[in-house]
Amino acid sequence: MGSQAQAVSRRHEPGPVFGRVASGVIEDTLIHLATENEQYLSELPSQAGCFKETQIVEFIFLLSEKWHLDHLARYQAVELLERFMIKQVEQICKSSRENVRSHERGEGSSWSSLNNQIYDTFVLRLVSCVQLASKVSLHYNIVNSDTALKFLQSLKYSYTKQELLESELAVLKTLHFQINVSTPLAYVELLLEVLGHNGCLLPAKPLHQMCIQLLDFSYLARDAIYNTLLKIAIENSTPSKLQVAKFLTVKEDFMLLAVGIISTSVFILNPGHWKQVVEHLNSITGITSQSILEFSYAVLKHITGSTTPQQRSRNCGTKAPGNRIMALN
């Protein structure tokens, strides 16, 4: 009976358990995530980030909270919607070009009708992405069709269960059924595991919880944080369009986001260990200490207005920005 109670307790224990993964598994996973991140950045579409606006992210977060979903599910929903919408826009643009040629021959639909396809089904697709994210891991609360349909009806949408199922299938087909996408949380949790394995002894549970809070904040204040980071990188308050375009890979870099979130969390909870952690993160990822502290500065600036990490940079022994946040002149 006692062992059964312990098993139940473990199943319902919130958050990951650190320090129980073999070093070989940690190393292989770190290499896999780093390679995946670099590949994604090398193939980054120009529309990346267009569907991560604050209102969209807030909608997904609130809906995930309403349905008692884990943080991983909410981040996956954001990333799924982003990837789906970009592909849908690409498909519609392709159809539009074909329709223009048809229209010249007196046939085909107008761009406005194609544009309406996105607008009219956006909330439905968003709900479908949240549903799919809830199904990726079986230990989360799975959002069934009845729950999703009831929510849509509360917003005065008159979708049927069949249309809801077709919407899920449309997302799946568009993404080629590849819905178990990595999120910044996976990078954060892996790096916390590596830090512990390397002897950086920090209280894992409160640090993980702080990282979750800051990751939520970074999604919701995404544009403000990265605008600050861009201005730091170029040392100019008015970036050019070219500089903004080049900075896109920085905005979509999950590894940079993860190290920045961990660095900021440590600075808030254990400032005495901050320099050591930044050095460890630099050693693990190759991201320069300067880039890490600049990211922490940008996050803290929009939380409290603090400039302490920027001031502390004089004592970190860091050099000019390196391979993540670079000069964009």
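This is a predicted model: local features need pLDDT of at least 70, side-chain atom pairs count only at pLDDT 80 or more; totals for chains, interfaces and linings use all residues.
Figure 1. With a relative accessibility of 0%, Val130 counts as buried. Contacts of Val130, leaving aside neighbours within four places in sequence, are made with Ile60, Leu63, Ser64, Trp67, Leu69 and Ala77. The C-alpha atom of Val130 is separated by 8.4 Å from that of Leu80, and these two residues are 50 residues apart along the chain.

**Figure 2. Aromatic pair of Phe59 and Phe151.** Nine aromatic pairs are found in a search of the whole structure. In the pair shown here, the ring centres of Phe59 and Phe151 are 6.3 Å apart and the planes stand at 70°; the pair is therefore edge-to-face, given that planes over 60 degrees apart fall in that class. Phe59 lies in helix H3 (residues 54–66) and Phe151 in helix H6 (residues 145–154), so that the pair links distant parts of the chain, 92 residues apart. Phe59 is partly exposed, with 29% relative accessibility, while Phe151 is buried at a relative accessible area of 12%. Together with Trp67, Phe59 and Phe151 form one aromatic cluster. Trp67 is also among the residues in contact with Val130.

**Figure 3. Aromatic pair of Phe61 and Tyr219, with Arg74.** The rings of Phe61 and Tyr219 have centres 6.0 Å apart and planes at 65°, so this pair is edge-to-face. Phe61 is in helix H3 and Tyr219 in helix H9 (residues 204–220), and the pair therefore ties together parts 158 residues apart in sequence. Phe61 and Tyr219 are both buried. The ring of Phe61 also has the charged end of Arg74 sitting over it, 4.7 Å from the ring centre.

**Figure 4. Arg83 and the ring of Tyr40.** The charged end of Arg83 sits over the ring of Tyr40. Its distance from the ring centre is 4.8 Å.

**Figure 5. Packing of helices H10 and H15.** Two packed helices are described by the angle between their axes and by the distance between those axes. For H10 (residues 222–234) and H15 (residues 289–303), the angle is about 135° and the axes are 9 Å apart. H10 is therefore oblique to H15. The crossing in which H10 passes H15 is right-handed. On the H10 side, Ala224, Ile225, Tyr226, Thr228, Leu229 and Ile232 take part in the contact. They meet Glu294, Phe295, Tyr297, Ala298, Val299, Lys301 and His302 of H15.

**Figure 6. Packing of helices H14 and H15.** Helix H14 (residues 274–285) packs on H15 at an angle of about 125°, with the axes 9 Å apart. This angle makes H14 oblique to H15. H14 passes H15 in a right-handed crossing. Trp274, Val278, Leu281 and Asn282 are the H14 residues in the contact, and they meet Ser289, Ile292, Leu293 and Ser296 of H15.

**Figure 7. Glu168 in helix H7.** Glu168 is a residue of helix H7, which covers residues 161–174. Glu168 is buried, at a relative accessible area of 6%. Not counting residues up to four places away in sequence, Glu168 touches Ser128, Gln131, Leu132 and Lys135.

**Figure 8. Positive phi at His68 and Phe177.** Most residues other than glycine have a negative phi. His68, not a glycine, has a positive phi of about 60°. His68 is found in the loop between H3 and helix H4 (71–104) and counts as exposed, at 61% relative accessibility. Phe177 likewise has a positive phi, near 65°. The loop that holds Phe177 runs between H7 and helix H8 (184–197). With 52% relative accessibility, Phe177 counts as exposed.

Figure 9. The chain has 329 residues, of which 47% count as buried. Among contacts between residues at least 6 apart in sequence, 78% join residues at least 24 apart.

Conventions
Residues are numbered from 1 along each chain as its sequence is written. Side-chain values use heavy atoms; hydrogens and water are left out. Rings of Phe, Tyr and Trp (its six-membered ring) pair if their centres lie within 6.5 Å; planes under 30 degrees apart count as stacked, over 60 as edge-to-face and the rest as tilted. Helices (H or I, at least four residues) and strands (E, at least two) are DSSP runs, numbered from the N terminus. Buried means under 20% relative accessible area, exposed over 50%, partly exposed in between (1.4 Å probe, protein chains only). A charge sits over a ring if NZ of Lys or CZ of Arg is within 6 Å of the ring centre and within 35 degrees of the ring normal. Axes are lines fitted to C-alpha atoms, for helices over the stretch in contact, and angles run from 0 to 180 degrees between N-to-C directions. Angles under 35 degrees count as roughly parallel, over 145 as roughly antiparallel, 65 to 115 as roughly perpendicular and the rest as oblique. A crossing is left-handed if the near helix is turned anticlockwise from the far one by less than a right angle, and right-handed if clockwise. Contact means heavy atoms within 4.5 Å.
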